[in-house]
Amino acid sequence: MGAVKKQQQQQQGIARWRFALVAGLLCALAAALVVHLASLQVLPEQDKGYRFLQDQGRARTIRTEEIAAYRGSILDRNGELLAVSTPVHTIWANPQLLKEADAEQLRGLAAALGTPPAKLAKRLEKYRNKGFMYLRRHMTPEGAQKVLQLDLAGVYSKKEYRRFYPAGEVTAQLLGFTNIDDLGQEGLELAYEQSLAGEPGKRQVVKDLKGRTVRDLAVKQEARPGRDLQLTIDMRLQYLAYRELKKAVTENGAASGYMVILDTRTGDVLAMANQPSFNPNNRAGVKAAAMRNRALIDQFEPGSTIKPLTALAALETGRWQPHTRINTSPGYIRLPGKTLLDPVNYGEIDLTRVITKSSQVGITKVAMDLEPETLRGLFYRLGLGEAVGSGFPGEAPGILPTRGRWHPIELANFAFGYGLTVNAVQLAQAYSVVANAGLKRPVSLILENGKKSQDADRVVESELAREVTAMLETVIGPEGTGKHAAVQGYRVAGKTGTVHKVGSEGYADNRYRSVFAGFVPADNPRLAAVVVIDDPTSAKYYGGEVAAPVFGKVMTGAMRLLQVPPEKIAPADQQLATQLDERGTTS
């Protein structure tokens with residue numbers, strides 16, 4: 001018994017020793033854990049301490065996202081919206097996460113995106129090793145919400161803006177358009193990209209393991225919206241010009257056409273229409289030719305619309321007067337290398353009638369009396385041969401040649417609008433100078449509230465400009481070539497032009513450009529305009545038959561819209577008024 005009891009006492013002693021050892025070790029481990037936790041969460045300078053852990057946590061959950069900036073709107077002079085950005089949602093994905101979705105989930109995703117399942121599967125395979133891919137750009141908020149409700153890992157949405165053009169094709173070439181990233185690509189959208197675009201902002205958000213935004217933390221930088229751009233365009237006149245231009249191009253089977261209307265008092269461009277056109281809201285299948293703003297980019301030989309300016313140069317010499325007689329018999333004139341013809345033999349006529357009948361022989365004899373640099377100098381003062389400074393991308397400056405020696409045929413061609421090129425705005429500005437009694441105002445597409453109407457340079461004596469205006473009025477009369485440009489109740493001044501187009505072997509005999517330039521009312525001008533119809537293929541091709549009617553119809557509506565009071569029609573003009581009613585210019 002004693003031996004057994006002694007053995008039990010020894011075993012109990014060993015057990016207490018072991019218990020104390022184990023308990024001590026456990027306490028030591030607990031103390032070590034407390035010390036380590038304290039070093040991680042309390043001591044800031046400890047290697048891989050709490051600051052390190054916090055930074056690592058933030059790096060895995062906090063993200064900086066871009067806040068899309070609202071693109072500035074484009075408005076007409078009366079505040080009507082021409083271009084505006086609307087919020088849309090773009091759906092994107094991380095293919096590394098999305099590839100874990102099963103076939104049923106992918107079919108649901110394809111249905112919500114409006115994409116065939118096979119096409120979606122093919123794109124996922126293409127981007128399987130990437131971390132980013134677009135699923136669909138510019139969805140409506142409702143459509144994007146249907147996609148997000150599927151709650152698929154790796155599928156996300158971000159807010160963007162899409163450009164919308166309420167006037168569609170009516171202002172397409174002037175405004176241009178933006179690409180899918182809302183960056184200006186053509187027209188004024190491109191020219192004023194920097195001010196329209198604004199500046200994106202930045203915000204910090206917390207995201208979960210699936211990349212979903214859990215909480216917004218802070219806005220680091222506010223998005224700066226783009227500045228609005230207000231144009232000089234009056235959409236009432238723009239719609240009117242576009243409608244009549246489109247009708248004329250269609251009826252005459254023309255390749256293209258364009259029209260510009262200027263406010264003679266300020267130099268503001270009130271309308272700039274082009275045909276053919278396109279819908280900037282849906283550019284699928286659009287041809288590049290339809291995107292060109294021909295009124296500023298295309299340059300052409302102005303033809304007989306230059307003859308009144310040649311007459312003005314002659315008046316400036318003091319040797320010529322509106323009543324100076326010119327013998328145009330026998331209806332042609334021979335110059336070295338070419339014979340120039342009139343349709344009929346006008347005989348002896350004065351300078352005014354040379355313009356009325358658009359006599360080639362008469363204006364050639366005037367040109368032979370002028371120094372080439374005298375003629376060129378006047379054209380340059382009127383704005384030909386230099387850009388109007390519109391700021392529009394690709395604006396054509398035109399060509400105003402200078403030569404050390406001018407051959408007679410070169411000078412003659414120059415005097416009646418060949419051998420030089422202009423764009424439609426330049427020609428309208430030149431006629432605006434005549435309308436303004438010799439004052440030249442800068443042309444503008446952007447409305448400037450501080451702009452003063454009296455900001456102008458005198459480039460021609462007022463009396464001479466008025467004499468040319470009187471000549472131009474006769475062109476609209478019953479014996480003139482531009483009677484179809486008449487506007488009932490208003491005096492109109494203008495000039496027709498029928499220009500042979502250049503072909504592969506020189507000037508083509510059967511291809512033309514029909515032009516009309518003028519202003520109204522002639523006694524107190526408000527609007528100057530140029531109409532160009534390119535390559536009409538119908539039986540009519542003269543400027544007085546094709547381009548002049550467009551001017552007459554548009555200006556009839558414009559006078560009413562601008563509430564310009566009409567004049568009383570003299571009895572002698574009743575026959576002309578009847579003709580106007582018959583062709584429907586008052587409708």
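Guide: Let's start with E160, which is buried, with a relative accessible area of 11%. Keep in mind that this is a predicted model.

Visitor: What makes 11% count as buried for E160?
Guide: The cut-off for buried is under 20% relative accessible area, so E160 at 11% is buried.

Visitor: Which residue does E160 form a salt bridge with?
Guide: With K158. The closest N and O atoms of the two are 3.7 Å apart.

Visitor: How many salt bridges does the count come to?
Guide: The count comes to 25 salt bridges. One of them joins E199 and R224, at 3.8 Å from N to O. That pair links distant parts of the chain, 25 residues apart. E199 sits in the loop between α9 and β6, and R224 in the loop between β7 and β8.

Visitor: How accessible are E199 and R224?
Guide: E199 is partly exposed at 36% relative accessibility. R224 is partly exposed too, with 38%.

Visitor: What about D298, which residue is its salt bridge with?
Guide: D298 forms a salt bridge with R292, and the closest N and O atoms are 2.7 Å apart. D298 is buried, with a relative accessible area of 16%, while R292 is partly exposed at 29%. There is also a network: R71, R163, E189 and E193 are joined by salt bridges that share partners.

Visitor: Changing topic. How many aromatic pairs does the structure hold?
Guide: The structure holds 13 aromatic pairs. One of them is F177 with F278, an edge-to-face pair with 6.2 Å between centres and 90° between the planes.

Visitor: Where in the chain are F177 and F278?
Guide: They are 101 residues apart, so to speak in distant parts of the chain that the pair links. F177 is in the loop between α7 and α8, and F278 is in the loop between β10 and α11.

Visitor: Are those two buried or exposed?
Guide: F177 counts as buried at 9% relative accessibility, and F278 is buried at 4%.

Visitor: Why give both a distance and an angle?
Guide: A pair of aromatic rings is described by the distance of the centres and the angle of the planes.

Visitor: Which residues form one aromatic cluster?
Guide: W92, F132, Y134 and Y156 do. Y134 also has R137 lying over its face, at 4.2 Å from the ring centre. In another place, R403 lies over the face of W406, at 4.9 Å from the ring centre.

Visitor: Now the backbone. Where is there a cis peptide bond?
Guide: One joins Q275 and P276, with omega of about 0°. P276 is in the loop between β10 and α11, and F278 has its place in that loop as well. Another cis peptide bond joins S329 and P330, with omega of about 5°. P330 is found in the loop between β11 and β12.

Visitor: Which residue has a positive phi although it is not a glycine?
Guide: D535 is one of them, with phi of about 60°. D535 lies in the loop between β19 and α19 and is buried, with a relative accessible area of 13%. Q563 is another case, with phi near 55°. Q563 lies in the loop between α20 and α21, and at 69% relative accessibility it counts as exposed.

Visitor: Last one. Which residues form a nonpolar patch on the surface?
Guide: V22, L26 and L29 do, with about 300 Å² of accessible area together. L29 has its place in helix α1, residues 2-41.

Visitor: Why is L29 called exposed?
Guide: Exposed means over 50% relative accessible area, and L29 is exposed because its value is 58%.

Note on methods:
Residues numbered from 1 in each chain as written. Predicted model: local features only at pLDDT ≥ 70, side-chain atom pairs only at ≥ 80, totals over all residues. Heavy atoms only, no water. Patch = residues over 30% accessible without salt bridge, like charges linked within 9 Å, V, L, I, M, F, W, Y side chains within 5 Å. Areas by Shrake-Rupley, 256 points an atom, 1.4 Å probe, with all protein chains shown as cover. Salt bridge = Lys/Arg side-chain N within 4 Å of Asp/Glu carboxyl O. Helix = DSSP H or I, 4+ residues; strand = E, 2+ residues; numbered from the N terminus. Buried < 20%, exposed > 50% of the residue type's maximum accessible area, 1.4 Å probe, protein only. Phe/Tyr/Trp six-rings, centres within 6.5 Å; stacked < 30°, edge-to-face > 60°. Lys NZ or Arg CZ within 6 Å of the ring centre and 35° of its normal.
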